[in-house]
Amino acid sequence: MVVIRANPQETLPIASFEVRHRKIGTPTWLFAPGAAAAGAVVLPGYQRGDELELQGRAVSTLGTPGDWSASLTHVVAATDPDAPSPPQNLSATSPSAGTIRVQVTSGPSPQTAATQIYIASGASALFASATKQGDPIASGLNTPLPVFEITDLSPGPYRIWATALDSLENPIESVPVGPFDITVA
């Protein structure tokens, strides 16, 4: 996320801003517009450790762009803690109509504090469409967790995932393990 503040000497009302960004050493700039009220813009597509060059500028209510700011550099997620490793041994059964029972072993990372189960309906559903099921299950590392039961499901195909969470106030989540495909009768 890039945060932009107007120059206090600005004489025109600001309607929006632009950020141009690129990996250091890359000749092509990418552009990200943002509303002045938001004051920030997310720059997707970068990975942890990517070194970026950034510049920003304001755009007035008349559509007049200001000058680009001086370049600044940033290393993506340089100060972020590492995410825990994902859980292991994900499996599921459907022992009766409308029910899925999920089994999983918590992740091997020392920072693993909990495991979250996700479900999505459909044989080709993506993790982005999955919803959390219940509260995270408290766990240490490499712990076979109690069976997690999901009930009141309509018949059809489902996909199950699990993620590991660390113990921070705003937990960092691992990449998901899965999907495990299962059909409910």
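Good morning. A polar contact of 2.6 Å joins the side chains of Thr163 and Glu173; by polar contact I mean a pair of N or O atoms within 3.5 Å, where within protein one must be able to donate a hydrogen and the other to accept it, and residues adjacent in sequence count only if both atoms are side-chain atoms.

This is a predicted model, in which local features need pLDDT of at least 70 and side-chain atom pairs count only at pLDDT 80 or more, while totals for chains, interfaces and linings use all residues. Residues are numbered from 1 along each chain as its sequence is written, and side-chain values use heavy atoms, with hydrogens and water left out.

Thr163 belongs to strand β12; strands are DSSP runs (E, at least two residues), numbered from the N terminus. Is Thr163 buried or exposed? Thr163 is buried, at a relative accessible area of 1%, where buried means under 20% and exposed over 50%, partly exposed in between (1.4 Å probe, protein chains only).

Let us turn to the sheet. The open sheet has four strands in the order β10-β9-β12-β13, with antiparallel pairing; two strands pair if DSSP finds at least two bridges between them. β10 (131-138) and β13 are the edge strands, each with a single partner, so one side of each has no neighbour in the sheet. Between β9 and β10 there are five bridges, and Tyr118 has Lys132 in β10 as its bridge partner.
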